[in-house]
Structures are given as structure tokens and as C-alpha cells.
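Please keep the viewer open while reading.

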Amino acid sequence: MKTLRPWLMILFWTFISFLTLFPIYWLFVVSVKPAVELFSTPDVILTKFYWKNYIDVLNDRTLRSYMMNSLIISTGNAVLCTLLGFLTCYALSRFNLPGKESIFFWTITNRMAPPAVFLLPMFLLLTQVYAIGDFKLADTRIGMILVYCTFNLPFAIWTLRPTVDGIPKELDEAAYVDGASPWKVITEVVFPLARPGLAVTLILTWVFAWNEYLLAATLTNFNARTLTTGLSEYVTTTGTEWGIMAAISVFTLIPALIVFSLVQRHIVTGLTFGAVKG
Amino acid sequence: MANVKIDNVIKRYGAVQVMHGVNVDIEHGEFVVLVGPSGCGKSTLLRMLAGLEEISDGTISIGDKVVNDVSPKDRDIAMVFQSYALYPHKTVGENMGFPLKMAKRPKAEIDEKVGRAAKILDLAHLLDRFPKQLSGGQRQRVAMGRAIVRDPQVFLFDEPLSNLDAKLRVTMRVEIKELHQRLKTTIVYVTHDQIEAMTMADKIVVMRDGRVEQVGAPLHLYDYPSNVFVAGFIGSPSMNFLRGRIVSEGGAKQFASESGLRLPLPDTPAEVGAEVIYGIRPEHIGVGDAGIPVDVVVVEPTGSETQIFAKAGGDVIDAIVKDRISAAPGSQIHFVIDPANVHLFDAQTEQRI
């Protein structure tokens, strides 16, 4: 293939980067301007910073608890789905289970309908059915972690299967002969080798839960409310607080950016894992 | 060290039986090679010994203990896999120390034993490397190191040299043999390469289609193959086989091939008229002034010896001689056969007469 001239490539990627990053920049600009300036002539050049929106957000105890909820629910969900997905894939890959292909396909069936279809059943399950005495799963963090699992676990199983299948069974066998118990085979050999796939799954499930709005808005009232639902509270009948919303949005973006940058290397390896014989 | 007894072992996958009552006795410290073509069941048998494959019927004992239901980790065996099966995320040292770590040995002991094994295998300078940074031969030695650190009762080798190039294979062959002489541990070694089997084994087990065809010392198998399959499998190049019958020529028995070729016979109980398979190894055929006239088809000089493919009637006979023969294709030469080197097999049962 003929390579493009270097300056053309630089121009191309500068343009793509601009397209991608400009909305984020604009969001930041909105978050550091007072409300009056927002509605005057739009100006993307920053001359001075107005941090009050951020201070307001950080001083707001409710928003702080929403942020904590988001973090706990996303992380709890991602860890649970990744671990359970990994163990499921290990069983599907290594053991002769009758009808395992059907089991594999069956896991994905709930992703074939839009999430809205599950809203009412989920609402009834969490408010009416899953209750012990006064304790109900609705509006709890553990409830939301489990709800997101129903969507993320099938996804985790599907993304992890090629990774686990790609780890040669001979390594398990070598470990068995070397004196490892089945649990040691998993922890010492298969799990460390599945790390790239695990990182990808962890991130993608985390992002799903972090960004999710519909289910969180329906199944939480106050205790387990997340940041995404918190955003909507600033759209009121008397007006929309754009500056505060922008500041919350920046806060929403930061953890995702940090997590992505930390595991970016693994994501690239993970997505190509097993593509070529290594 | 331990002896191993494989007693009437049967293996079924569902309704399909792939191993039909295999019996092998392996003595203390013996180097036994299981050899046979692909699909003969030799690797399955080794995996059953390791505990990686279930035994459908019969028993396998290591020492005096029946191990049919003993898990691999409790069999006190070590195995070297065809692909080496090194843990890619562990260093050479960690790979070699893994069996000891699993046995919860103290770190000082692990370091000491890994160090000693690394010294034996010339790996001491590579202990901090990862498997992907090693050459094929080095990986092979790490796999062996991982096996020897535990000082197991039995070593199992599953075609360990088949991924190496020809030259390295010869070197590693010598290294494994040396290792056996040093450690004197019982070894069961699987290969499809009969040269490996001949050069390394104290005892060879020739297998075909899930059955043992013959068990014996390498030279015994070479000199007295019990059937056509073993005769053809052991020895390189392969033995010449000619189909025909015993005829009487002036009161003496002779072999007459289907194409009419007459060949000398040793003393044999086979009756005149009996249909037989006549076997003669290429290296047991000489070239002389008088003998069986043959037409040269191809001559392959290798320097140390010359291989001649020649036609006699409708039969092609392969001979190897030490002399340098410069016969042109199409020219006639004479093959000389010493009847003492002839093997006769029954044409129906293919068993040795």
C-alpha cells in the first residue's frame, strides 16, 4: 500500500482529534463560565476561569453521594461481571458440559431486546418480589449492581470467551501434572494469562454501568441515585443550570478517562488477543 | 524411582474403543519408548499414565499403587509436553520452581533445586528470562528442568523433540539420554520417530491402532520383528517386502515372488507352496558380480553410503551399500542376499514364521 505523505497524515489526525476533543473542550468552557456569559455571544476562547460551578458541585452533599453511588455501583458491577464471566468461560472452555453451545447462546438472549422492555419486570422484581422483611432491592446499590449484571454478564461472557479459549489447555494440564489443584490452575495460570481480555471486559462493563441512565432513573429514588440521573435534576421548570450540569459532566468524564488511560495498553492487546498465533 | 505396570488397559470414547487391552511392564529406572504411527494410541496411553485421560478399563500402577483414580498431582510424575507448555507469564526460574511452589516447599529449597537443575541443563544464565525470549532448544531444556526439579518417580515425555530442527534434535537426544544415565529415573517417552526410539530406549513398545504389536530391546525388534508392521516400522529405510510363495528348486526351498523373481531362503519350517511375505532390509543387500540381476532405477549417494532403487521383474528393491557405486539408471547390476538376513512372514496373518 502506498503511504500517504507525512504532513497529510498529520493534518488528517489533527482534524480527527479536533472533531473528537472539541465538544469536551466546549463542555469545559461552559463549566467555567458564569450563567450570564453563557447566553451572550458564544465564545470558545477562555480568558478567565470561573470555578464557582465546581465549588457548588463539590459542596453539594447530594451530588457527592450520587458520585459515590456511581463509583461503587460501576466498580462493583464491573468486578462481579468480569469475575463471574471469567469463571463461566473457564467452565465452558475446559469442561464437557452437555449443550454448552446452547448455554453460551442462551446467555446473550436478553441483549436482543431493548433495555426498556425489561423496565417494568425489573421494577416489579425489585420493589415487590426480591424483599426480605422490610428490605427491598429497589433503590439500593447492591440492587443496581445486580440489575446491571443481567445486562453486563452476558456481554462479559461473550467478550471473554475467545480469551479463555485462546489459552492452550496444555498449560492447564502441565499445571495439574506439576501438582496444582484446579483452583491453583485458575489463579496461577489461566487468570494471569487472561489479563488483557479481563481488562477490556472490566472497562467496557464499567463504562456501561457508569453511563447508564434509563434503569437508574427508574429503579432508584434517592439512596442509590447515580450521577447520570443527578444531571437531570438540574433541568427544572424554572430553568436549566447549564454551568452546574457542565461541571458535573466533567466530573463524570474524569474517572472514565483515568481508567481508560491506565488500561489502554491492555485494551489494544485484548481486542487483538488470539487474532494471530503468538 | 518406581516400576510401572499397565495391565489390560482399555480406552473408550463413547461407543468407540480406541485402546484394546494394552499390557506393558516397565522396570525401575528403565527408559521405555512408546512408538507408532499417528493415531496408534501412544500419546493417549501416556496421558492415561499422567492422569490426564481417564482409563475405561484395566489398571495402571506406579510403584505398588494402582493409580486409576489418583489425580495427576498425587501421582508423583513429571511430564514434558510436545509444545513444552511453559507458562508464558512466568520467568524460566519461576517455571522451573512451579512444581515445588505447588508442593509448598520453602523458598530456599526451591532456589537451591532450581539452581542445581539449571546448572545441569546449562540454563543458569537464563533464569530471569521469559519463555518467549528463548530459542526452541532452550525452551525444551526449561521444560525438562521443570520436570527434574521435583525428583519424580517417573518422567513422561510426549514427543518432546518434534518441534526442533534436525540438528538440534540429535543434540537434545543425547542430552536426554545423558540425563537418564545421571538420574536413573524411570522414563516413558512417546515418539513417532523410530530413530529416536532405537537410539534412546532400553525397551521399545511398538503400537498400532490401540494395540501393542511388540515389546522388546531395540536390537531385538530390529533382528526379530514379530510381524510385518514392526518389521516395516523399525529400521530406516524401511524393509523391502515381496509377496510370493515357497517353491522347491532342485530339492532346496526358494522364494518365488508374484512377478517371478527367485530369491534365496534360510532354513524355514514353511511348507513348499505356502504363501509368504519375504522381507529383507536394504542394508542387508550387497552388490556383487553374481547374484540377482536387477535394473537400476535411481542411485542416491549420500557420501557415507549409497542407496540404490532397482527393479527386478515387477518388484522394486531398495538397497544401501557402503561402497560408492556409479551405476547409471537403466544399467544392470547384481544384488547379493545372505539368506541368514531374510525375514519370512505368513501372507495371511502377517506374523513371523
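Start with a turn. Asp209(B) takes a positive phi near 50° in the hairpin of S9(B) and S10(B). That hairpin has 2 residues between its strands. Bear in mind throughout that this is a predicted model.

**Strand pairs**

Strand S9 of chain B covers residues 203-208, and strand S10 of chain B covers residues 211-216. The two run antiparallel and are joined by 5 bridges. Arg208(B) has Arg211(B), in S10(B), as its bridge partner.

A second hairpin, formed by S4(B) and S5(B), also has 2 residues between the strands. There Gly63(B) takes a positive phi near 70°. Ile62(B) stands opposite Lys65(B), which belongs to S5(B).

S4(B) pairs with S1(B) as well, in an antiparallel arrangement. Look for Asp7(B) here: it stands opposite Thr59(B) of S4(B). In a regular strand, side chains alternate between the two faces of the sheet.

| Strand | Partner strand | Sense | Bridges |
|---|---|---|---|
| S9(B), residues 203-208 | S10(B), residues 211-216 | antiparallel | 5 bridges |
| S1(B), residues 4-13 | S4(B), residues 57-62 | antiparallel | 5 bridges |
| S4(B) | S5(B), residues 65-66 | antiparallel | 2 bridges |

**Helix pairs**

Now turn to the helices. H2(B) and helix H3 of chain B, residues 107-120, pack at an angle of about 130°. Their axes are 9 Å apart. H2(B) is therefore oblique to H3(B). The crossing is right-handed.

From H2(B), the contact takes Gly93(B), Met96(B), Gly97(B), Leu100(B) and Lys101(B). From H3(B), it takes Glu109(B), Ile110(B), Lys113(B), Val114(B), Ala117(B) and Ala118(B). By class, the residues of this contact of H2(B) with H3(B) divide into 6 nonpolar, 2 polar and 3 charged.

What is the angle between H4(B) and H5(B)? Helix H4 (residues 136-148) and helix H5 (residues 166-183) of chain B pack at about 15°. Their axes lie 11 Å apart. An angle under 35 degrees counts as roughly parallel, so H4(B) and H5(B) are roughly parallel to each other. H4(B) passes H5(B) in a right-handed crossing.

On the H4(B) side, the contact is made by Gly136(B), Gly137(B), Gln140(B), Met144(B) and Ile148(B). H5(B) brings Leu168(B), Met172(B), Leu179(B) and Leu183(B). The contact of H4(B) with H5(B) has 6 nonpolar and 3 polar residues, with no charged residues.

**Contact with chain A**

Chain B also touches chain A: 18 residues of chain B are in contact with 15 residues of chain A. Strand S6 (77-80) and helix H2 (92-102) of chain B each supply at least two residues of the chain B side. By class, that side has 14 nonpolar, 2 polar and 2 charged residues.

Key: Residues numbered from 1 in each chain as written. Chains lettered and ligands numbered in written order. Predicted model: local features only at pLDDT ≥ 70, side-chain atom pairs only at ≥ 80, totals over all residues. Axes fitted to C-alpha atoms, helices over the stretch in contact; angles between N-to-C directions. Helix = DSSP H or I, 4+ residues; strand = E, 2+ residues; numbered from the N terminus. Parallel < 35°, antiparallel > 145°, perpendicular 65-115°, else oblique. Left-handed = near helix turned anticlockwise from the far one by under 90°. Contact = placed C-beta atoms within 7 Å. Nonpolar A, V, L, I, M, F, W, Y, C, P; charged D, E, K, R; others polar. Pairing = 2+ DSSP bridges.
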